[in-house]
Amino acid sequence: MTQIDIRSPKHCAEKQARFYENLDKPKLYKKLFFALSTLFTTLLSFIFLIYLLLHPTKPRFSLQQAQIYQLNLSTNPQLINSSLQVTLVSTNPNTKVGIYYDGLRVYVAYKGQQITLDYPLPPFYQGHQDTNLLTASLVGTSIPVAPSFGYEVGRDQSSGKLAISVKANGRIRWKVGTWVSWNYPINVNCIAVMDFGPAIPTGPLSSQQGSQCSTSL
């Protein structure tokens, strides 16, 4: 005995509709993926075109002044106590690009060894061809230094010159109109040279003159 399955035309139409719906899903996914890829590529191309047209120049830094109020070295163990004040000049050379500075931190190093704590500067915006003065009061209390530190200080005493490095690290963002770029790391290094007497200075010592700083992005 043969069983006959009788389905209504309505049921067949629903089954056929589901078949074509499942058949079209891959095509819809492909179209959506293609549309999103095209949008992403267009956006990247637009950003790259802006960069090529404007070609932002990295900011310029110079060290206006560095003063040492305290630089004392203790032994067993070797610890440094320091107190300094530095003034940096930051210039945006771009005519159409503004710069956001996010979280710049300033510190002083001597012979590759950090002798002050980081000093955080407040975030700020620098307009087209603007110049800003950045002042930081830096302190180091009982900072451990390498055993060769005292020898390096002695050599500078003999030469009569003391050279320190004023460094600033942080992140910047470019601004063109209402568009703001992602973050870029920035590293600034300035050298201050000052006269150094026969004894470790108790301050104040001042740098002889301002100096240009190297800036890398």
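**View 1. Surroundings of Gln113 in the predicted model.** Apart from neighbours within four places in sequence, Gln113 is in contact with Val108, Val145, Ala146 and Phe149. The model shown here and in the views below is a predicted one. Gln113 belongs to strand S4, which spans residues 113–114. With a relative accessibility of 17%, Gln113 is classed as buried, the limit for that class being under 20%.

View 2. Helix H2 comprises residues 149–159, and its buried residues include Phe149, Glu152, Val153 and Asp156. Because these residues cover an arc of only 100 degrees around the axis, they lie on the same side of H2. An α-helix has 3.6 residues a turn, so residues three or four places apart point the same way. Tyr151 and Ser158, on the other side of H2, are exposed. The cover over the buried residues of H2 includes strands S1 (60–74), S2 (79–91), S3 (98–110), S4 and S8 (161–176). Phe149, one of the buried residues of H2, is also among the contacts of Gln113. After H2 comes Gly160, with a positive phi near 80 degrees.

View 3. Lys111 has a phi near 55 degrees, a positive value in a residue other than glycine. Lys111 is located in the loop between S3 and S4 and is partly exposed, with a relative accessible area of 42%. For Ser142, phi is near 50 degrees, again positive in a residue other than glycine. Ser142 is placed in strand S7, residues 131–144, and counts as partly exposed at 39% relative accessibility.

**View 4. The buried residue Ala192.** Ala192 sits in strand S10, which covers residues 184–195. Its relative accessible area is 1%, and Ala192 is therefore buried. The C-alpha atoms of Ala192 and Ala66 are separated by 6.7 Å, although the two residues are 126 residues apart along the chain. Beyond neighbours within four places in sequence, the contacts of Ala192 are Leu63, Ala66, Leu162, Ala163, Ile164 and Ser207.

**View 5. The salt bridge between Asp102 and Arg173.** Side chains of opposite charge can pair when their charged atoms come close. The count of salt bridges in the model comes to 3. In one of them, the side chains of Asp102 and Arg173 meet with an N to O distance of 2.8 Å. This pair links distant parts of the chain, with Asp102 in strand S3 and Arg173 in strand S8, 71 residues apart. Asp102 is partly exposed at 22% relative accessibility, and Arg173 is partly exposed at 25%.

**View 6. The salt bridge between Arg105 and Asp118.** The closest N and O atoms of the salt bridge between Arg105 and Asp118 are 3.7 Å apart. Since Arg105 lies in strand S3 and Asp118 in the loop between S4 and strand S5 (119–120), the pair ties together parts that are 13 residues apart in sequence. Arg105 is partly exposed, its relative accessible area being 37%; Asp118 is likewise partly exposed, at 35%.

**View 7. The salt bridge between Asp195 and Lys161.** The side chains of Asp195 and Lys161 form a salt bridge, N to O 2.8 Å. Asp195 is in strand S10 and Lys161 in strand S8, so the pair joins parts that are 34 residues apart in sequence.

Notes: Residues numbered from 1 in each chain as written. Predicted model: local features only at pLDDT ≥ 70, side-chain atom pairs only at ≥ 80, totals over all residues. Heavy atoms only, no water. Helix = DSSP H or I, 4+ residues; strand = E, 2+ residues; numbered from the N terminus. Buried < 20%, exposed > 50% of the residue type's maximum accessible area, 1.4 Å probe, protein only. Contact = heavy atoms within 4.5 Å. Arc of directions from axis to C-beta. Salt bridge = Lys/Arg side-chain N within 4 Å of Asp/Glu carboxyl O.
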